Amino acid sequence: MNSILIAGAGIGGLSAALALAQAGFKVTMCEQALQLGEVGAGLQISPNALKVLQKLGVDEGLSQHAFVPQYATMRNFKTGEYYLKMPLAKSAVARYGASYWHLHRADLHRVLSDACEEIGVELMLNATVSEYRQAVDQVSLVLQDGRELTADLLVGADGIRSIIREQMLGKEKPTFMGQVAWRGVIPVSDLRGISIKPDACVWVGPNRHFVSYYLRGGEYVNFVAVEERSDWQSESWREEGDVQELRRAFADWHPEVSELLQSASSTFLWALNGRDELPSWHQDRVVLLGDACHPMLPFMAQGAAMAIEDAYVLAQSLVKLPLAEALDHYEKMRKPRATSVQKMSKDNAALYHMQGGILGKMKLNAIRMASQYMPSIIQSKLDPVYAHDVTL
Ligand SMILES: Cc1cc2nc3c(=O)[nH]c(=O)nc-3n(C[C@H](O)[C@H](O)[C@H](O)COP(=O)(O)OP(=O)(O)OC[C@H]3O[C@@H](n4cnc5c(N)ncnc54)[C@H](O)[C@@H]3O)c2cc1C
């Protein structure tokens with residue numbers, strides 16, 4: 001086992017390429033895009049993911065682009081009342097063993113791709129994968145332009161609409177979750193007369209929620225606005241949304257939200273889709289990773305974090321075990337965890353959108369009380385996600 005092909009150079013694919021190259025494998029990546037890059041948006045990188053990035057040696061390069069939030073907060077959409085105010089900053093390091101960071105996707109993507117290049121990963125751009133073919137002792141990847149590459153293992157890191165997953169497990173229609181997300185990044189210098197708290201903030205309201213946080217040391221504010229809607233089903237990450245429409249949807253919200261949106265000049269809009277847990281993540285010489293095998297709603301901010309964890313576990317499994325056992329081990333280690341985080345993300349949708357009538361209200365009040373008087377209750381719910389360390 002020596003050579004590995006990776007389909008897709010997103011955050012999951014690049015993390016896997018780096019971890020695998022550091023483990024001594026010869027890695028070639030095929031990416032459909034003409035240029036390497038990421039959408040203009042932010043990512044919350046929680047301690048569980050940062051521990052992997054530290055192990056891969058890219059944390060120093062990233063630290064100069066990071067923003068460290070003071071608190072994780074959950075606030076009422078109209079009054080601004082706090083349901084949750086949980087210290088992050090130094091507390092995250094003490095409790096979880098690493099910081100909680102906000103990063104611009106493009107910064108994370110660039111630092112990972114630079115590290116891949118430095119270690120000798122071969123990156124092919126404009127290389128759209130159309131299918132793979134398995135033989136007993138090798139796997140080949142067929143590109144849309146007819147080129148064919150062979151290796152000992154193929155990693156499908158080609159995202160939510162993965163071609164590799166489709167060939168391995170058959171066509172599966174995504175389930176539209178009845179929600180759309182708008183995203184945007186606003187330079188702080190464009191903010192008109194409002195100040196945004198230096199927190200990872202979720203604003204919860206009826207049938208919608210809003211997330212805001214700083215990026216790049218406080219140079220930008222990132223927002224994600226989620227609305228329940230049935231008329232938009234595109235899964236593309238690059239579709240332009242209408243800023244006026246977005247402003248109207250959140251017009252009666254707290255000024256930190258509604259006035260923030262007055263400063264937004266553009267936004268992306270896309271539909272949030274879910275997929276059921278897959279029966280398997282690998283078959284012979286092909287294995288899946290990241291959104292290709294466990295796409296999740298963004299309500300725990302863990303999709304990229306799970307892909308980064310996958311990458312490390314896959315590389316370590318392949319170092320320690322023969323191929324078939326390694327892939328079994330990888331799936332055994334990762335599937336239950338990713339599935340449980342997928343479920344937590346789904347459950348947050350109801351909480352953030354104030355659903356569940358009186359029970360929903362009681363839940364928010366219980367969170368408020370626990371946050372004030374017994375924060376350890378809240379922390380113990382998050383410990384399994386953030387304190388987890390796949391590098392141990
Ligand atoms: C609104 C929103 C906010 C989010 N916030 C967070 C957050 O704060 N923290 C967090 O951890 N996660 C977050 N996520 C989730 C995270 O963005 C994804 O889980 C993560 O980007 C998945 O990475 P990936 O590499 O698996 O897939 P992708 O990023 O989708 O990468 C797949 C790559 O494969 C390429 N590709 C696809 N098909 C082919 C093909 N046929 N041939 C060649 N190349 C191909 C694509 O061009 C792409 O480069 C958020 C998601 C959303 C929607």
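Student: What is the relative accessible area of Asn126?
Tutor: This is a predicted model, where local features need pLDDT of at least 70 and side-chain atom pairs count only at pLDDT 80 or more, while totals for chains, interfaces and linings use all residues. Residues are numbered from 1 along each chain as its sequence is written, and side-chain values use heavy atoms, with hydrogens and water left out. Buried means under 20% relative accessible area, exposed over 50%, and partly exposed in between (1.4 Å probe, protein chains only). Asn126 is partly exposed, because its relative accessible area is 46%.

Student: Where does Asn126 lie, and what is its phi?
Tutor: Helices (H or I, at least four residues) and strands (E, at least two) are DSSP runs, numbered from the N terminus. Asn126 is found in the loop between S7 and S8. Although Asn126 is not a glycine, its phi is positive, at about 50 degrees.

Student: Which loop holds Arg216, and what is its relative accessibility?
Tutor: Arg216 is not a glycine either, yet it has a positive phi of about 45 degrees. Its loop runs between strand S14 (208–215) and strand S15 (220–228). Arg216 counts as partly exposed, because its relative accessibility is 24%.

Student: Moving on to S8, is Tyr132 buried or exposed?
Tutor: Tyr132 lies in strand S8. Its relative accessible area is 4%, so Tyr132 is buried.

Student: What does Tyr132 touch, leaving out residues up to four places away in sequence?
Tutor: Contact means heavy atoms within 4.5 Å. Counted that way, the residues that Tyr132 touches are Val139, Ser140, Leu141, Leu154, Ile164, Gln167, Met168, Gln283 and Val286.

Student: Why can we call strand S2 largely enclosed by the rest of the structure?
Tutor: S2 covers residues 26–30. It is called largely enclosed because the number of its 5 residues that are buried is 4.

Student: What is the handedness of the crossover from S1 to S2?
Tutor: Strand S1 (residues 3–7) and S2 run parallel, joined by 5 bridges. The chain goes from S1 through helix H1 (residues 11–22) to S2, which makes a β-α-β crossover. Such a crossover is right-handed if, with the strands pointing away from the viewer, the path from the first strand over the helix to the second runs clockwise. The handedness here is right-handed.

Student: How far does helix H5 reach from its first C-alpha to its last?
Tutor: H5 (residues 105–119) has 15 residues. The expected span of a helix is 1.5 Å times one less than its number of residues, which gives 21 Å for H5. The reach in the model is close to that, at 21 Å.

Student: Which residues does Ser113 touch, not counting those up to four places away in sequence?
Tutor: Ser113 belongs to helix H5. It has a relative accessible area of 12%, so it is buried. The residues touched by Ser113 are Leu14 and Leu36.

Student: Which residue in S6 is the bridge partner of Ile45?
Tutor: Gly42 and Gln44 point one way from S3, Leu43 and Ile45 point the other way, and all are buried. S3 pairs with S6 in the antiparallel sense over 4 bridges. In S6, the partner of Ile45 is Trp101.

Key: Pairing = 2+ DSSP bridges.
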